[in-house]
Amino acid sequence: MSEQVTYRRPWYLFNGHLESIVPYWTYKIYEVEYERERLELDDGDFLDLDWVRTSSDQLIVISHAFEGNTRDYFVERAAKYFSVRGYDILMWHYRSCSRELNRLPRFYHIGDTEDLHLVVNHGLDSGAYKSVFLLGYSLGGATTLNYLGSKLVSSEIKAGAVFSVPLDLEETSAILEAGFSKVYANSFLKKWKRKIARKAEQYPDLFDLTMLKKCTTLDQLHGQYTIALHGFDSMQEYFDQNSSLSFLKRINTPLLLVNAKNDPLLGPASFPNITSSWVQTKYPDYGGHLGFSIHKYPHSWMELETEHFFDQY
């Protein structure tokens, strides 16, 4: 049984931005050997999965952040931590995130719970696992939360843990367009525009690159492409249908939700007072966005809290 630890940030990471950015630049990745599998889908597309197998009967399915991949420092760090502790690890890439562009015109979005459902069932179909746990970060945390609140999930799914989750998409969208947070938005914008330009080579009749050049914010980009490609009538409909706040009350699987109060991408709506007996919330004062670093320790407080929570189930 793991020990629960109260989070205290290192003294030199003295604001939310440093807590969010420094781990990204300092954590040494590629310390875990993954086994790649391509999951072919009935719609003609595919999902690339990365496994770490330890011959365990317990599986952790990890969902990465927006425009990330399975080599994100927090994903690899968790894979290393939990595989050493006897779990099998299954990490999945959202469509277009595995360095190979997906086949269909669509990409992915925060409400893509069906793809997560397919990945979880793929793991269960092997017959090797008595217990499955879900772990999600930022967008992946929201997708995990929404999945648990929207699907009749298998009894083998024992618990989930999510970190730095934007519970209100409209609020976080506004935060990304203000102040220093524009730095994060601009980084996402550049990656997304490059991806759309590549997609236009596949489907030149569906993608207007003239409009792409005119998009200077993430909202403009999503409004021009994400909405139409994924069947939404408007950005407001996208916000309303996919914001995780509305899914929290539907969850009947044990879930740990952790958001730091100094997370530069989250606003007040991402710190709700939850009365559900299924959802445990923690809102520490510090941690940044997917930071939670511990001085001179190779892992973060996120792994420690996740282990403590999962151990109960």
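A search of the whole structure, which is a predicted model, finds 28 aromatic pairs. One of them joins Trp-11 and Tyr-12 in an edge-to-face arrangement, with 5.5 Å between the centres and 85° between the planes.

**Aromatic pairs**

- A pair of aromatic rings is described by the distance of the centres and the angle of the planes.
- The angle of 85° between Trp-11 and Tyr-12 makes the pair edge-to-face, because planes over 60 degrees apart are classed in this way.
- Trp-11 has a relative accessibility of 70% and therefore counts as exposed, the cut-off being over 50%.
- Tyr-12, with a relative accessible area of 32%, is partly exposed.
- Elsewhere, ring pairs connect Tyr-7, Tyr-73, Phe-74, Tyr-137, Phe-163, Phe-292 and Trp-301 into a cluster.

**Charges over rings**

- Arg-71 places its charged end over the ring of Tyr-34, at 3.9 Å from the ring centre.
- Arg-77 lies over the face of Tyr-27, and here the distance to the ring centre is 5.7 Å.

- Strand S4 spans residues 88-92 and is mostly covered, with 5 of its 5 residues buried.
- In a regular strand the side chains alternate between the two faces of the sheet.
- In S4, Asp-88, Leu-90 and Trp-92 point one way, while Ile-89 and Met-91 point the other way, and all are buried.
- Strand S2 (residues 46-52) pairs with S4 in the antiparallel sense through 4 bridges.
- Trp-51 stands opposite Leu-90 of S4.
- Strand S3 (residues 58-63) runs parallel to S4 and is joined to S4 by 5 bridges.
- Ile-89 in S4 is the bridge partner of Ile-60.
- Together, S3, helix H2 (residues 73-84) and S4 form a right-handed β-α-β unit.

**The largest pocket**

- The largest pocket holds about 1,400 Å³ of space.
- Its lining comprises 49 residues, of which Phe-66, Glu-67, Gly-68, Phe-188 and Lys-191 are the closest to the pocket centre.
- The elements that give two or more residues to this lining are helix H1 (16-26), H2, helix H5 (169-175), helix H6 (182-202), helix H8 (218-229) and helix H9 (235-242).
- H6 gives the most to the lining, with 9 residues.

Note on methods. Residues are numbered from 1 along each chain as its sequence is written. This is a predicted model: local features need pLDDT of at least 70, side-chain atom pairs count only at pLDDT 80 or more; totals for chains, interfaces and linings use all residues. Side-chain values use heavy atoms; hydrogens and water are left out. Rings of Phe, Tyr and Trp (its six-membered ring) pair if their centres lie within 6.5 Å; planes under 30 degrees apart count as stacked, over 60 as edge-to-face and the rest as tilted. Buried means under 20% relative accessible area, exposed over 50%, partly exposed in between (1.4 Å probe, protein chains only). A charge sits over a ring if NZ of Lys or CZ of Arg is within 6 Å of the ring centre and within 35 degrees of the ring normal. Two strands pair if DSSP finds at least two bridges between them. A crossover is right-handed if, with the strands pointing away from the viewer, the path from the first strand over the helix to the second runs clockwise. On a 1 Å grid over the protein atoms alone, a cavity is a set of points where a 1.4 Å probe fits but cannot get out, and a pocket is an open set with protein on both sides within 12 Å along at least five of seven lines; lining residues have an atom within 4 Å of a point. Grid points are joined across faces, edges and corners, and a volume is the space filled by probe spheres set on the points.
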